[in-house]
Structures are given as C-alpha cells and as structure tokens.
Amino acid sequence: MSAPPVPPPRPRTRLDESTYDRRRLRQWLAGEARADGVSRRRLLTLLAAAGAATVLPAPGPARAADAPIVKPLPPEWFIQRGTNAETRWEALRGTGHHTPNERFFVRNHTTTPVLDAHDWRLRLWGSGLRGAPGEDRPVEFGYDDLRALPAVTRTAFVECAGNGRSHYTTQQDETVTGTAWTLGAIGVARWRGVRLADVLRRAGLSPYAVDVQPRGLDAEYVSGGENLGRVRRPLPLAKALDDVLLAYEMNGEPLPHDHGYPVRVLVPSWVGISSIKWVGDIEVSAQPLFSPWNTTFYRLFGPGHPEEGSAPLTRQTLKSAFELANGATFTTGEGRVLHGRSWSGAGAIARVDVSTDGGTSWRRARLHDRPHADTWTRWSVTWKPDTPGATHLLARATDTAGRRQPDVAVPNTQGYLFDAVVRHPVTVT
C-alpha cells in the first residue's frame with residue numbers, strides 16, 4: 001500500500017440525512033433531467049446505469065459459488081427466496097442477543113462470490129481525493145493493510161429495506177413488488193473492522209469531497225433487460241466519517257462468504273443496501289453521486305409520496321417480531337412465556353406493549369436488554385390463554401425518538417419500510 005500520511009481530522013459536520021438527500025436530488029433533477037419525452041425518474045436510471053461503464057474496473061478475481069448462497073440453508077432455520085434466504089423467527093429462540101452466523105439472513109442481488117483475501121484489494125479513487133486537478137489518483141489497501149489499522153467492534157443490525165414487505169399485501173391488501181419477506185430479513189451481529197473515516201483520511205481525503213460510493217465485487221445486476229453494473233450506493237461524507245465500518249469479522253469469526261468476505265461495509269441503522277458486501281472499490285467524489293440504488297430503487301413511490309419519489313432511503317424504520325412460528329398452537333389454561341424482539345433505526349427501544357387478544361387490550365412487556373441504538377431489544381410477556389380458537393398476537397414498540405408503531409403503514413409501490421404492527425396468527429386448543 002502506498003498512501004500519504006493521515007491529515008488532521010476535519011471538523012465533524014452535523015448530518016441531516018433528509019436534507020442532504022433532498023438537496024442532492026434537486027440539484028440533479030434541475031441540471032441533468034430535461035430531455036423531452038423522458039421522465040426524470042427514467043433519465044436518472046439510464047444515467048446512473050451508464051455510469052457503471054465509466055468507473056474503474058473492480059479489482060480481485062472471484063469464483064462464482066455452485067449455488068446462489070454458499071452456506072447450508074436447513075428448512076427449520078430458513079425460508080429460501082430465490083437468491084435470498086429469510087431467517088425463521090422461531091429459529092432465533094434461545095440464540096442470545098447476536099444472531100449466529102449460520103442463522104443470519106442472506107440478501108443477494110446475484111450469486112455469492114467466493115473471494116480470496118490474499119488477492120483482494122480495496123481501491124479508493126475519485127475527485128474527492130487529494131491530487132492534481134483532474135488527476136485520477138487511486139490508492140489501494142490490501143487485507144493485511146486494513147487489519148493493521150486500529151480496530152473497532154460494534155454491535156449492529158443489518159436489515160433489508162423490504163423486510164416486512166409481504167404484510168402490505170396480507171394485512172393491508174396493497175399490491176407491491178419485490179421479494180415477499182415476512183419479518184426475517186434482519187440479523188444482529190458483533191462486527192469488527194476499521195472505521196471508514198480512518199481509511200478515507202489515509203487515502204488523502206480532499207476538503208471538497210461530498211459523497212462516498214462503495215461498490216461490491218458480486219456479479220453485475222441485470223434488471224428489466226438492463227445491465228445496471230455492480231451493486232453500489234453513495235453515502236454522504238458526514239455519514240461515512242461518522243460510524244461506518246469496513247468490517248472483516250462477524251461474531252468473532254472472519255466474515256462468511258455470504259455476508260461479505262473478505263470485507264464489507266457496515267452502515268449502522270441504515271437500510272441494508274447501504275452496507276455493501278464484498279466491497280472492492282470506493283469512489284470519493286467532489287460531486288453528488290447517483291446509482292440505480294438511490295434513484296430507481298430504495299426510494300418511495302406511490303400516491304402517499306412526492307410525485308417524483310421520496311429522497312433515497314437512509315434510516316430503517318421501527319418493527320417488532322415474536323420468536324414464534326406463524327400458526328403456533330397453544331393449550332387453554334396452560335401458562336406460556338412469549339418472547340420477541342423490537343428494533344428501530346432512529347434510536348433505542350423505550351417500551352414494548354403486547355396484545356394477546358387481537359388488539360383489544362395491551363400489556364407492557366418486560367425488556368431483557370439495556371436499550372441501545374443500532375440493535376434490537378429482547379422482551380417477554382406471560383400468557384395463559386383461556387378461550388379456544390384462532391387469534392392474533394400483536395407487539396407494538398416505541399423508541400427513544402418518540403416513534404410508535406402504527407396500525408397501518410403508508411404504502412409504496414416497492415414495499416419498503418413496513419412499520420405497522422404485525423398480526424401474528426396463533427391457535428388456542
């Protein structure tokens with residue numbers, strides 16, 4: 001690795017995520033999307049996709065796995081969904097706060113690449129690095145280079161933005177597109193790696209940098225007949241310098257292949273697409289960056305949202321789930337303890353209320369973890385059913401930002417950010 005000395009830290013800029021994204025979109029739409037007969041949304045997609053052909057080639061050879069997912073997927077732990085695997089909530093009962101690697105959900109756009117850490121390189125490049133004007137000055141780090149830097153360990157969840165998507169249809173009778181996740185597209189792990197801020201500064205961060213865009217080494221993604229290139233999504237510099245990690249360990253072990261080996265990005269509390277797996281290069285730009293994953297995908301479209309769509313999604317929403325199979329059976333008069341977990345992208349969980357009669361009455365659950373941001377809180381409540389028949393269990397969380405799960409989620413065409421209370425069906429005999 002050849003890199004300049006670390007410059008003095010820049011003053012941290014307060015990050016207003018919504019303002020940042022809206023400002024960038026306004027600039028782009030005003031200056032670039034004025035073609036007759038082409039919608040602004042469509043032009044964004046075409047330009048972002050075309051940009052995939054102009055960036056530096058991603059380094060590092062990869063061998064495609066024999067199947068889309070490398071690790072075993074026993075049906076008692078997972079629901080297979082094409083190139084993805086959803087964790088069954090009943091498989092998390094008794095596993096502790098951290099999701100075991102072998103039970104962690106998998107979200108792949110294509111197929112898990114099998115990479116060799118000795119051949120892997122991380123290339124940083126772009127107009128946001130120091131150098132002569134117009135000069136492309138990439139800097140490379142090897143796997144051992146990263147591991148030689150000061151390490152940080154952080155517990156955080158990774159959650160797909162579409163987690164809970166199926167409930168738009170099953171509970172609200174809304175038609176949405178995308179993988180029909182229930183609530184198992186989330187996992188919490190203890191991640192170890194280096195701060196992205198340290199790597200950016202060692203690469204020679206320019207004072208004019210505004211956006212940082214990691215890109216994965218998985219295969220190029222084709223959607224609707226268009227090659228959109230490798231998965232990539234920009235982050236505002238303020239977020240990249242705040243709490244983002246380049247992680248190389250997961251729960252005390254090297255990252256499994258399906259979870260980003262040898263190195264992935266971890267963006268705590270943001271939608272999972274921000275935490276790019278198998279990262280191979282990072283563009284650091286003095287101009288706003290755009291890709292299909294922050295223009296066409298991972299924004300909110302539909303009647304309840306702006307005509308041109310929302311700002312790109314950043315923080316996750318608020319959810320709760322029971323550690324229980326759908327349709328579980330209980331016996332009248334037999335006492336049970338119900339367990340579950342709640343989490344929020346806006347802060348820690350402040351309280352959880354549970355209903356065992358379909359929402360007629362509510363009781364406060366006992367919290368089993370000291371509430372922390374970026375992770376979930378486990379909880380429990382006792383129940384002794386006295387009436388046979390079908391019913392629903394409900395859990396409703398409130399976070400430290402004052403948000404509470406609503407009865408109905410505002411729909412969007414791609415089914416992101418479902419946050420309503422989920423009706424968990426059970427039967428009492």
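A: Let us begin with a turn. β2 and β3 form a hairpin in which two residues lie between the strands, and G82 in this turn has a positive phi of about 65 degrees. Please note that the model is predicted.

Q: How many bridges join β2 to β3?

A: Four bridges join β2 to β3 (residues 84-87), and the two strands run antiparallel. Among the residues involved, R81 has N84 in β3 as its bridge partner.

Q: Where is P68 found, and which residues does P68 touch?

A: P68 is found in the loop between β1 (62-64) and β2 (78-81). Leaving aside residues up to four places away in sequence, P68 touches T83, N108, T110, T111, T112 and D258. P68 and T110 are 42 residues apart in sequence, yet their C-alpha atoms are 6.9 Å apart in space.

Q: How many aromatic pairs does a search of the whole structure find?

A: The search finds 14 aromatic pairs. In one of them, W89 and W343 are stacked, at 5.8 Å centre to centre with 15 degrees between the planes. W89 lies in the loop between β3 and β4 (113-115) and W343 in strand β19 (residues 336-343), so the pair ties together parts that are 254 residues apart in sequence.

Q: Are W89 and W343 buried or exposed?

A: The cut-off for buried is under 20% relative accessible area. W89 counts as buried because its relative accessibility is 7%, and W343 counts as buried at 0%.

Q: What is the geometry of the aromatic pair that F104 and W191 form?

A: F104 and W191 are edge-to-face, at 6.0 Å centre to centre with 80 degrees between the planes. This pair links distant parts of the chain, 87 residues apart: F104 is in the loop between β3 and β4, and W191 is in strand β8 (residues 186-195). Ring pairs link F104, F105, W181 and W191 into a cluster.

Q: Which residues touch the most other members of the largest nonpolar core?

A: Within this core of 64 residues, L124, W191, L200, L246, I282 and V284 touch the most other members. A second, separate core has 18 residues, including V352 and V428.

Q: What percentage of the residues of the protein chain count as buried?

A: Of the 429 residues, 55% count as buried.

Technical notes
Residues numbered from 1 in each chain as written. Predicted model: local features only at pLDDT ≥ 70, side-chain atom pairs only at ≥ 80, totals over all residues. Heavy atoms only, no water. Core = buried A, V, L, I, M, F, W, Y, C linked by side-chain atoms within 4.5 Å. Buried < 20%, exposed > 50% of the residue type's maximum accessible area, 1.4 Å probe, protein only. Contact = heavy atoms within 4.5 Å. Pairing = 2+ DSSP bridges. Phe/Tyr/Trp six-rings, centres within 6.5 Å; stacked < 30°, edge-to-face > 60°.
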